[in-house]
Amino acid sequence: MSNVVVLDNGAAFLKAGIGGDRDPTVVIPNCQGRPSSSKKWLIGDQLLSHQDLTSVSLRRPFDRGYLINADLQREIWSHLFLSLLNINPSQSSLLLVEPLFNLPSIQRYTDELIFEDFGFKSLFVADSPSLVHLYEASHRPDGIVSKTQCSLVVDCGFSFTHAAPVFQNFTINYAVKRLDLGGKALTNYLKELVSYRAINVMDETFIMDDVKEKLCFVSLDVRRDLEIARFHLNWKIHAAFYLILFSFLFYPFSPASLMSICTLKIF
């Protein structure tokens, strides 16, 4: 078993696992939540397993893509490393994925958490575009990415979307473009749509974010999905309906947004 722990510390979700595994071992929300029926703050997987998730109060260690609460992040990481991954940090090395343009002060806080609080043997910090490029080049040695040694990676995160050019496994930072639009904005937009058309869910951020993650997808055939959405369903035969969401028409974002069309499939 490898002693390298891989951690993608996203603002919305933590993806963690052991080096060499194909898929992450753990994927949990990077937050603490307190349901209205409970007085205790729950972490990630504990929150997902709770029966009543209505009007959940959330606390996140990240805001607008940057770490702002190191104490909360320490508590979440402690639960992740010791309870979910069951590792001994003093005998493990850590590969940490950090956001692009991370501030030096935040990097120092992160280093203190990793070495002083958890006691990892070693740390390697990388950004997601360079790792995506390396993965694609290594798994397809005859592909165009491997031959040209360059690629353009679009990273859609919780608060931002980055378009990052990568050359020979290094992200060209001065050429990275950032769009202040991410999954958080889409969740808020979805809450507004559902609240306007059905029931008021403006206080159900956690539930609607889970709905978005599980049921929403980018339409690859807009005309076909529009026809499905316009079709009058017979509820005795069909068990699903489609709702086309046009964010560039109903929400004040640029039409050039990469996430301009979202299709929601509800069962």
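Here is a short chat about a predicted protein model.

Me: Hi! How confident is the predictor in this chain on average?
Reply: The model is predicted, and the protein chain averages a pLDDT of 82, with 86% of the residues scoring at least 70.

Me: And where does pLDDT stay under 50?
Reply: That is residues 234-267. The model still has 76 contacts there beyond four places in sequence. Where pLDDT is low, though, the predicted coordinates should not be read in detail.

Me: Good to know. How many helices and strands are there?
Reply: The protein chain has nine helices and 17 strands. Of its 267 residues, 41% are buried.

Me: What about the accessible surface, how much of that belongs to carbon and sulfur?
Reply: Carbon and sulfur atoms hold 56% of the roughly 15600 Å² of accessible surface.

Me: How do strands 2 and 3 run, and how many bridges join them?
Reply: Strand 2 (residues 13-18) and strand 3 are antiparallel, joined by four bridges.

Me: Switching to strand 12, why is it described as largely enclosed?
Reply: Five of the seven residues in strand 12 (residues 161-167) are buried, so the rest of the structure largely encloses it.

Me: Which strands does it pair with?
Reply: Among them is strand 11 (residues 150-156), antiparallel over seven bridges, with Cys150 opposite Phe167. Four residues link strand 11 to strand 12 in a hairpin. Strand 14 (residues 177-179) is another antiparallel partner, with three bridges, and there Lys177 faces Ala163. Strand 13 also pairs with strand 12 in the antiparallel sense, over two bridges.

Me: What's in the turn between strands 12 and 13?
Reply: Two residues separate them in that hairpin, and Gln168 in the turn has a positive phi of about 55 degrees.

Me: Which side chain does it have a polar contact with?
Reply: The side chain of Asp127, at 2.8 Å. Beyond four places in sequence, Thr171 also touches residues including Leu100, Pro129 and Val176.

Conventions. Residues numbered from 1 in each chain as written. Predicted model: local features only at pLDDT ≥ 70, side-chain atom pairs only at ≥ 80, totals over all residues. Heavy atoms only, no water. pLDDT = per-residue confidence, 0-100. Contact = heavy atoms within 4.5 Å. Buried < 20%, exposed > 50% of the residue type's maximum accessible area, 1.4 Å probe, protein only. Areas by Shrake-Rupley, 256 points an atom, 1.4 Å probe, with all protein chains shown as cover. Polar contact = N/O pair within 3.5 Å; in protein donor to acceptor, adjacent residues only side chain to side chain. Pairing = 2+ DSSP bridges.
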